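Please keep the sequence and the structure in view while reading.

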Amino acid sequence: MATLNEIVRFSGQVGDFIFYRRGKKDVVRSKPLRHQLSENSKKSAKDFGEASRNAAYIRKAFAAMVKDYGTGDLTTRLTKRMYAVFKSIPAAHAGHKKISDGNLKLMEGFEFNAYTSLGSLLLQMPKMTLKDNGFIGLRVPKLATGHFVKAMHRSDAFMLQVMVFNLDLQTGHYEILKVRDLKVSLDLPEFPGAKVAIPIEMEGERAVFVALGISYLHDQHRKEDRRYFACQIVKCIHLKDGVEMEFIEPLKEAAIRVEEEEMGLSWEIGERE
């Protein structure tokens, strides 16, 4: 017959508790709780994943420029910029957001080099136009070299590079186009002007990204100091069958302010009796 001083030992699981022996000691621990994500958290996670995938597409498409110009944790910064595009999509689409529904213009101005902006080196941006015959046109007018690019110490030339990433938003098919490098001597008092027409596929729904880079040369060699090069996504166009689509901001619910009517008698204006 067992007495009150006797201890019954057992091992196993009872509910959320697990009993077992460790050496000469009896030990009990609880099962780890599974963290249950809320429905909104699941939707946000799904949308962030989609934004990350689209940022990866851009990074891979511009791999050559990422290699030559990318600094300062480009991957994180690019993903953050793409997530801003997804945040522009109304909350009603949460969990099912697509890049085609967002404000793609938010991608413009993204700098590959976190330390040097394109505008600090390239003083005159090429004029860019979308032509009806399936071309993107870039043109720089004739102007003084000192008004076109910034003069840099121990540099005798500069080089312009252009790449285009044209993504079909429905099928995922894409084309990558690269313009031949344009090398110009800094000894020229005047830039003679230049233009190029880039043929692109326009059928269907597309996102077209144009990246422009500049780097400085000395004795035909590119200077690797991050102060001497910059690259930016200068244009992002949302096309539908060749027509540029304008992003329309979602309407925000306006708070209706109800003013309480002032109580009491009102004055009569005039001298009527």
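## The largest cavity

Which residues line the largest cavity? In this predicted model, the lining is made up of Ile 58, Arg 59, Phe 62, Val 66, Leu 74, Leu 78, Phe 110, Phe 112 and Ile 233. Sorted by class, the lining contains eight nonpolar residues, no polar residues and one charged residue. Two helices, α1 (39–61) and α3 (74–87), each supply at least two residues of this lining.

The volume of the largest cavity is about 30 Å³. The count of cavities of 30 Å³ or more comes to one.

## The chain as a whole

The chain is built with five helices and 15 strands. It has 273 residues, of which 35% count as buried. The accessible surface of the chain is about 18,800 Å², and carbon and sulfur atoms account for 53% of that surface.

Contacts may also be sorted by how far apart the partners are in sequence. Among contacts with a separation of 6 or more, 70% are between residues 24 or more positions apart.

## The nonpolar cores

How many residues does the largest nonpolar core have? It has 32 residues, and those with the most contacts inside it are Phe 148, Phe 158, Ile 198, Ile 200, Ile 214 and Tyr 216. Two or more residues of this core come from each of α4 (118–121), β6 (135–140), β8 (157–168), β9 (174–185), β12 (205–218) and β14 (229–240). The element that gives the most is β12, with five residues.

Leaving aside residues up to four places away in sequence, Tyr 216 touches Leu 121, Val 149, Lys 150, Met 152, Ser 155, Ala 157, Phe 158, Leu 186, His 221, Arg 222, Lys 223 and Tyr 228. There is also a second, separate core, which has 29 residues and includes Ala 51, Ala 55, Ile 99 and Cys 236.

Is Asn 54 buried or exposed? Asn 54 belongs to helix α1. Its relative accessibility is 5%, and because buried means under 20%, Asn 54 counts as buried. Apart from residues up to four places away in sequence, Asn 54 touches Met 82, Phe 86 and Ile 99.

Lys 80 is part of helix α3. Its relative accessible area is 65%, so Lys 80 is exposed, given that exposed means over 50%. Although Lys 80 and Ala 55 are 25 residues apart along the chain, their C-alpha atoms are separated by 8.7 Å.

## Two residues in strands

Val 196 is located in strand β11 (residues 194–199). With a relative accessibility of 31%, Val 196 counts as partly exposed. Setting aside residues up to four places away in sequence, Val 196 touches Ile 136, Gly 137, Leu 138 and Val 179. Between Val 196 and Gly 137 there are 59 residues of separation in sequence, while their C-alpha atoms are 5.9 Å apart in space.

Glu 244 belongs to strand β15. Its relative accessibility is 38%, so Glu 244 counts as partly exposed. Beyond its neighbours within four places in sequence, Glu 244 is in contact with Lys 105, Leu 130, Ile 237, His 238 and Leu 239. Glu 244 and Leu 130 are 114 residues apart in sequence, and their C-alpha atoms are 8.6 Å apart.

## Positive phi in two loops

Which loop holds Gln 220? Gln 220 is placed in the loop between β12 and β13 (221–222). Gln 220 is not a glycine, yet its phi is positive, at about 70°. Its relative accessibility of 61% means that Gln 220 counts as exposed.

Asp 241 lies in the loop between β14 and β15 (243–244). Asp 241 is likewise a residue other than glycine with a positive phi, here near 50°. The relative accessible area of Asp 241 is 58%, so this residue is exposed.

Notes: Residues numbered from 1 in each chain as written. Predicted model: local features only at pLDDT ≥ 70, side-chain atom pairs only at ≥ 80, totals over all residues. Heavy atoms only, no water. Core = buried A, V, L, I, M, F, W, Y, C linked by side-chain atoms within 4.5 Å. Buried < 20%, exposed > 50% of the residue type's maximum accessible area, 1.4 Å probe, protein only. Helix = DSSP H or I, 4+ residues; strand = E, 2+ residues; numbered from the N terminus. Contact = heavy atoms within 4.5 Å. Areas by Shrake-Rupley, 256 points an atom, 1.4 Å probe, with all protein chains shown as cover. 1 Å grid on protein atoms, 1.4 Å probe; cavity = no way out; pocket = protein on both sides within 12 Å on 5 of 7 lines; lining within 4 Å. Points joined across faces, edges and corners; volume = space filled by probe spheres on them. Nonpolar A, V, L, I, M, F, W, Y, C, P; charged D, E, K, R; others polar.
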